[in-house]
Amino acid sequence: MDYSKVMLITSAAIFAIGFAGVLLRRNALIIFMSIELMLNAVNLALASISFSLNSLDGQVFVFFVMTVAAAEAAVGLGIIIAIYKNRKTIDLYDLRLLQG
Amino acid sequence: MDWFVYGFAGFSIAAAIMVITRKNPIISALYLCLTLFSLAGLFVMLGAYFIAAVQVLVYAGAIMVLFVFVIMLLNLDPEKLDIKSFHPPKVLSVFSAFLLFGFLAFIFWNNKLTGITGVDTQALVDQNGGHLKVISAKLFTTFLLPFEITSILLLVAIVGAVIMAKRRV
Amino acid sequence: MNSLILAILLFPLVGVLINSIFGRRWPEPWAGILATAVTASSFLLGCIVFFKILNLPTTEQTIVATYFNWMSVGPLVVDFALQIDPISLCMILVITGVGSLIHLYSIGYMAKDKGFARYFVYLNLFIFMMLILVMGSSLPLLFVGWEGVGLCSYLLIGFWFEDITKAQAGKKAFIINRIGDACFLIGMFLILKTFGTLDFLKLQTQISALTSAGLSLTTVTAICLLLFGGATGKSAQIPLFVWLPDAMAGPTPVSALIHAATMVTAGVYMIIRLNFLYILSPVAMGIIAAIGFATAIFAALIAMSQNDIKKVLAYSTISQLGFMFGAVGVGAFAAGLFHLITHAFFKALLFLGSGSVIHALHGEQDIQKMGGLKKSLPITHATFLVGVLAISGIPIFAGFFSKDMILWFTASSVYGNWGLLSVGFITAGFTAFYMFRVYALTFLGIPRVSGFHPHESPASMSLPLIVLAFLSITGGFIGLPEWVHIPNFLFEFLEPFAKLPDITLSHEAEYIVTFISVFVALIGIGVGYLFFVRQSKARKSITTILRPLPSWSFNKFYVDEFYGKAFVSPIMYFAQVCWKFIDTVIIDGGVNLFGGFWKKTSSILSNLQTGNVQSYALLMAIGTLLLMYFVFKG
C-alpha cells in the first residue's frame with residue numbers, strides 16, 4: 001500500500017514546524033530541539049521515498065543522517081554549556097554581540 | 001492498517017507542535033521524545049525495521065537523554081514569551097513556515113515517481129536473507145567511504161565535545 | 001659663423017649657470033666680474049659678426065642659423081633658429097654693449113648687498129632672454145624671449161622681496177605683461193591661421209606672394225592690433241603702462257637696463273621686425289601712431305610734477321617709447337630704431353646718473369630733498385647734464401637727431417598728419433621742461449641734504465657714466481639728416497629691412513621742422529630755468545591758473561585707482577563669491593550631501609544587523625523561498 005504521499009506530507013509538516021520553532025523560540029536548547037525535529041522530518045522523507053522507489057539506499061542514508069545528528073548534538077550541547085558558563089544566559093536575545 | 005499510518009502521522013505532528021510551543025524546556029524535551037517514537041512507528045509502517053530500531057535506540061535513547069541532562073544541568077527558568085522590540089515579526093516567521101510547508105506539500109503531492117524503480121524489491125530482500133543483511137551489505141560495499149568518514153566525524157565530535165566542556169585552565 | 005652666432009647667445013647663459021652654482025661662495029666682486037665679462041664677450045662677438053655682415057652685399061645680409069627642430073605639430077613647424085640681419089644686429093649691439101656697461105656699474109652699486117650673486121644671475125638671464133627675443137627667427141622664439149624678459153623683469157623688480165611693496169610691484173609688472181601677452185598669443189594664432197607659418201622670412205615671402213591674391217584687410221588689421229596689444233603691455237603704452245612707474249622699486253641699474261634701454265623696447269622691435277605686415281594695414285598704423293603720441297604727451301604731463309627722481313625718468317621712458325611707436329606708426333621704421341638706439345644711450349645714462357646720486361645720498365630719492373650736488377658729484381653732474389641735453393633734443397647731442405627724424409617723418413610721411421605733429425612738438429617741449437626741472441632741483445641751488453657730505457661714486461660706477469655720455473654725444477652721428485649732406489650710415493645699413501615711408505613734403509620743409517623742434521626744446525629749458533633756477537613768481541600764478549591739472553598730474557591722473565575700481569575690485573569680489581558661495585556651499589555642500597546620503601542609507605540598512613541569529617535565519621528563509629518560487633516559476 002502506498003503510504004508514501006501521506007508520509008511525505010507529514011514530513012513536510014514536521015519540517016515546517018521545526019523551522020517555525022527555530023525562528024520563534026528564544027531558548028537555545030529549544031531551538032536545538034527544533035533542529036532535531038527538522039532532521040527527523042528529513043529522515044522520514046528519505047525513508048518514504050526509498051520505499052516508493054524500491055531501493056534501500058535511502059535507508060542507508062538515513063543511517064548516516066542519524067549518525068551526523070548525534071555528533072552534532074553532542075558538540076552543539078557542549079557549545080551551549082560553554083556559552084552558559086561564559087555569559088550565564090542562553091537566551092538568544094541577550095547574545096547579540098554582532099549587532100550593528 | 002491505514003489508521004495506524006494516519007494515527008502515527010497525526011500524533012507526530014501534534015507532538016511536534018507541542019515541542020515548539022511549551023515554555024518549560026523539559027516538557028519540550030519529553031514531547032520531542034514522543035515525536036521520535038511516532039516517527040519510529042511510521043518507519044515500521046514503511047517496512048524500515050532497522051531504521052526504526054536505530055531511531056529508538058540512538059535518537060530517543062541517547063540524544064534525548066543528553067538533552068535532558070543538559071537541561072537539568074543548566075537549571076533554567078521557564079522562559080518568558082514576551083515580544084521584545086527587536087524581535088522579527090512573529091507573523092512573518094509563521095507565515096514563512098506556512099509558505100515552506102505549502103511549497104513542499106505542493107512538490108510532494110504532484111510528484112510523479114512512476115517509471116523509476118530500484119532493484120531492492122521486497123522479494124529480493126527476502127531472498128537475500130532479510131532486511132538487515134541487505135542494508136549491512138550495502139553499508140560495507142557501496143557506502144564504505146561515507147561509513148569510514150562518518151567514523152572520523154564521530155571521533156572529531158568526541159574530541160570537540162570534550163574540549164568544549166572542559167573547564168578553562 | 002653659425003657657432004659664432006650661437007656663442008653670442010650662450011655666453012650669458014654660461015654666466016647664469018656658473019653664477020647660480022658658485023656665485024655665492026666667491027668673494028664679493030667676482031660674480032659680478034664674471035657676469036660683466038660674459039656680456040662683454042657677447043658684445044665683442046656681436047661686433048665681429050657686425051663687421052662681417054657690413055661687408056656683404058645687401059641680399060646676403062640675412063643669415064639664419066638653424067640648430068634643431070623645436071616642434072613640428074601639423075601645419076606648425078618651428079625650428080630653433082637665430083636670424084642675423086641689420087635690425088637684429090643693431091639690437092644685439094645695444095643690448096650687449098649697454099648691458100655690459102650696466103653690469104660694470106652694478107658691481108659698484110650692488111656692493112655689500114646680500115643678494116649680490118643672485119642679482120647677477122638674474123641680470124645675465126635677462127640678457128640671454130633678450131638676445132633670444134631679438135635673434136629669434138620666428139614668432140614663437142620671439143615669444144619665448146618675450147616671456148623670459150617678463151620673468152626676469154619680475155625677478156629683478158622684486159629683487160628686495162622682503163619689502164612687500166617691492167614684491168607687489170614685481171607682481172603688478174608681471175600680471176600686466178601677461179595681459180598683453182594674451183593679446184600677443186591670439187595675434188600669433190591668427191597669423192598661423194591666415195598665413196600658415198610663423199617664421200619671419202617665410203612670412204615675408206608669403207605676404208609678398210599673397211597681396212596680389214587679396215588678403216582680408218580686417219584680418220591683417222586685427223593681427224596688427226593684437227600684436228600691438230602685446231606691445232602695449234611690454235613697452236608700457238596706453239592702456240597697459242601702469243607697471244613701469246611701480247617697477248622703479250627695483251635696483252637702479254635694473255631700471256636702466258630693463259626699463260629704459262632694452263626690455264621696454266621689445267615691442268618697438270617686434271613691430272619693426274614685422275614691418276612688412278604692418279605696411280599692409282594703414283588703419284592699424286594710424287591707431288599705433290595715435291596711441292604712441294597720446295601716450296607720449298600723457299606721460300610727459302605726469303612727469304612734470306613727480307618728485308621721485310626715478311619716477312620722473314620712468315614716465316619719461318614711457319613718453320619716449322610713445323615717440324618710438326609714433327615713428328613706426330607713421331611708417332618710419334628705421335627712424336623708430338634710431339630713436340631706440342639713442343634713447344638706450346641717454347636714458348641708461350640718466351638712470352645710472354640718478355643711481356649715482358641715490359647711492360651718494362644713501363638712498364634718498366626725493367628731488368625736493370636734493371640740491372647743490374654740482375660740486376660734490378662732478379662726474380655725475382656733468383654726465384647727467386649731457387643726458388638731459390640729449391633727451392631734450394638739443395643739437396649735436398644724440399637725441400636731437402633721432403627725435404628730429406621722427407618729427408620730420410610724422411610731418412611728411414603719407415601716414416602722418418598735422419595733429420600728431422603738433423602733439424609731438426608739444427611733448428618735446430614738455431620733455432625739455434621736466435628734464436631740466438629734475439636737473440635743476442637735483443644739482444643746482446642750495447644743498448637741501450641734511451647731515452652728511454655726499455661724495456662721488458667709485459670708478460666702477462663713474463666709468464659707465466662717462467662712456468654713455470660719450471655715446472650720447474656722438475651716437476647721433478650715425479643717422480644724420482639729409483640736409484647735412486653726409487651719408488646717413490644707419491639708414492643705409494637698414495635699407496631693405498626697415499624701411500622709411502614715402503614723403504609728401506619737399507626737403508626744405510625738413511629745415512622748418514628741425515627749427516621748430518629746437519625752438520620748442522629751448523623754450524622748455526628756458527621756462528624750466530625761470531621756474532627752478534630763478535625761482536620766478538610766474539610759476540605760482542601759472543600753477544594757480546591751471547588749478548586742477550597740477551594735482552591731477554601729481555596723482556598720475558588717477559589711472560591706477562581707476563583700474564583698481566574697474567577691473568581689480570570686480571575680480572576680487574568675484575573671487576570672494578567663488579570662495580564663500582560656490583566653493584563652500586555648492587561644491588562642499590554637494591559632496592557632503594552625497595556623502596551624507598550614503599551615511600543615512602547605510603544607517604538605515606544597518607538596522608538589518610540585529611545580531612539576532614533568528615532574524616538572520618528568517619532572512620535566509622525568505623531568500624530561499626523567493627529562490628524556490630522563481631525556479632519553479634520558470
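Leaving aside neighbours within four places in sequence, which residues is Met270(C) in contact with? They are Leu142(C), Trp146(C), Phe184(C), Leu227(C), Ala231(C) and Tyr278(C). Keep in mind that this is a predicted model.

**Nonpolar cores**
- Met270(C) belongs to the largest nonpolar core, which has 205 residues.
- Met270(C) is also among the members that touch the most others, along with Val134(C), Met135(C), Leu274(C), Leu277(C) and Tyr278(C).
- There's a second, separate core of 68 residues, and its members include Leu37(A), Phe43(B), Ala52(B) and Ala621(C).

**The largest pocket**
- The largest pocket holds about 920 Å³ of space.
- Its lining counts 33 residues, and those nearest the centre are Met304(C), Phe433(C), Phe531(C), Phe532(C) and Arg539(C).
- Sorted by class, that lining comes out as 21 nonpolar, nine polar and three charged residues.

**Chain C overall**
- Chain C has 26 helices and two strands.
- Along the principal axes, its C-alpha atoms fill a box of roughly 115 × 70 × 55 Å.
- Of the 634 residues in chain C, 55% are buried.
- If you take the chain C contacts between residues at least 6 apart in sequence, 81% of them link residues at least 24 apart.

Key
Residues numbered from 1 in each chain as written. Chains lettered and ligands numbered in written order. Predicted model: local features only at pLDDT ≥ 70, side-chain atom pairs only at ≥ 80, totals over all residues. Heavy atoms only, no water. 1 Å grid on protein atoms, 1.4 Å probe; cavity = no way out; pocket = protein on both sides within 12 Å on 5 of 7 lines; lining within 4 Å. Points joined across faces, edges and corners; volume = space filled by probe spheres on them. Nonpolar A, V, L, I, M, F, W, Y, C, P; charged D, E, K, R; others polar. Core = buried A, V, L, I, M, F, W, Y, C linked by side-chain atoms within 4.5 Å. Buried < 20%, exposed > 50% of the residue type's maximum accessible area, 1.4 Å probe, protein only. Contact = heavy atoms within 4.5 Å. Helix = DSSP H or I, 4+ residues; strand = E, 2+ residues; numbered from the N terminus.
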